[in-house]
Amino acid sequence: MFLKQLQYLREIERHRSFSKAAAACGVSQPALSRAIRQLEDELGIVIIDRKKKVFGITDDGARVLKWAHDILRGVSELRNEVSVTKRAIAGIVRIGVIPTAVHIVPLLLDAAQERCGDFASEVHVLPNGSIIEKLVSRELDIGIMYYDQCPQAKAFQVRTLYAEQQVLAASGVFELPEGDDIGWEVASRLPLALLTREMRCRQLVDVGFQTAGVEPMIRLETNSLELIHAQVMTGKVATILPISSFPLRVPPPGRLRLRRLPGFSPGAVGVVRLSEHAAPEFASDVWDSVMKTSLQDDLDLLCKPVITPGRKR
């Protein structure tokens, strides 16, 4: 039995598809299928029910999957332990963060380092749903995400960090009304670059337009904040994002103007971890340091809207 076979099996369970699992693992579908067949032959059981039209995992397969998750998690922790010993550090923590909250990570890592000493971190930028999946599969220790989207809330421990403040951002090329706010109707007439629809931030924007009864003029959809920032600064599009997602808290005068959108339903961002299993000792130490750290002053500064005057007509 090879670890690769267990990794393939984990991805099959996650994607409910051989082709998608193969793409996620970076192998061909025939190679992945052969590996699973070999695992079934070695164990003498059927893991995937291939006779049904709807993808299914057999009862025996479900038991194998439980062991696969435990084995892969144990191997990951073993590798981390060896790495910690080699590098003479306190430990390694694995963090998943939504794109619009990346700026929070340095604050939390600094707070953890003060209490835990020098350590290493693996930080993955992921949509909300992927963070939940990787927390459940023990591939992440801590998530920074829209915690109101956690299923079965009792299975998670949560600490609120902040409520997002979202704004429309545009270069000086666009005529914007004077004042601090802009209506959804006006925003819908601007060419927009937005995050893709699986992002919770984008879903909140869609609700705002739907509530106002207007259709946005979308010119670019991407999961890359860097691409959105670059396109906005060319003057070809505007965007709607949390103020905290911009690379500079104070944009260069005259280059970027921001407007609040009234009636916007903010997303609540927090730190999340599974509460139903024993986390690695160092990950628990980092979690404890986060729980004991007050970041409100820093977050207020980072999330405070920066509204520049509108152009007089």
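Me: What makes β6 and strand β12 a pair, and in which sense do they run?

Reply: This is a predicted model. In it, β6 and β12 (residues 268–274) are joined over 7 bridges in the antiparallel sense. Pairing requires at least two bridges, so the two strands count as paired. Within this pairing, Phe156 is found opposite Leu274 of β12.

Me: Which helices pack on the sheet that holds these strands, and at what angles do they run?

Reply: Helix α6 (residues 128–136) touches β3 (92–97), β5 (142–146), β6 and β12, and its direction makes about 150 degrees with that of β5. Helix α10 (residues 281–291) packs on the sheet as well, touching β3, β5, β6 and β12, with about 150 degrees between its direction and that of β12.

Me: How do you know which strands lie at the edges of this sheet?

Reply: The open sheet has 5 strands in the order β4-β3-β5-β12-β6, with mixed pairing. β4 (120–125) and β6 (156–163) each pair on one side only, and these are the edge strands. From one strand to the next, the twist averages 20 degrees.

Me: Why are α1 and α3 called roughly perpendicular?

Reply: The axes of helix α1 (residues 3–15) and helix α3 (residues 29–43) cross at roughly 110 degrees and come within 9 Å. The class runs from 65 to 115 degrees; the crossing angle falls in this range, and α1 and α3 are therefore roughly perpendicular. The crossing is left-handed.

Me: What makes up the contact of α1 with α3?

Reply: On the α1 side are Gln5, Leu6, Tyr8, Leu9 and Ile12, which meet Leu32, Ala35, Ile36, Gln38, Leu39 and Glu42 in α3. By class, these residues are 8 nonpolar, 2 polar and 1 charged.

Me: What makes Glu139 and Arg10 a salt bridge?

Reply: Their side chains meet at 3.9 Å, N to O. The cut-off is 4 Å between a side-chain nitrogen of Lys or Arg and a carboxyl oxygen of Asp or Glu, so the pair qualifies. Glu139 lies in the loop between α6 and β5, whereas Arg10 is in helix α1, 129 residues apart; the pair links distant parts of the chain. The whole structure has 13 salt bridges.

Me: What makes strand β7 and β11 a pair?

Reply: The antiparallel strands β7 (residues 166–170) and β11 are joined by 4 bridges. At least two are needed, so β7 and β11 are paired. Val167 stands opposite Arg260 in β11.

Technical notes
Residues numbered from 1 in each chain as written. Predicted model: local features only at pLDDT ≥ 70, side-chain atom pairs only at ≥ 80, totals over all residues. Heavy atoms only, no water. Axes fitted to C-alpha atoms, helices over the stretch in contact; angles between N-to-C directions. Parallel < 35°, antiparallel > 145°, perpendicular 65-115°, else oblique. Left-handed = near helix turned anticlockwise from the far one by under 90°. Contact = heavy atoms within 4.5 Å. Nonpolar A, V, L, I, M, F, W, Y, C, P; charged D, E, K, R; others polar.
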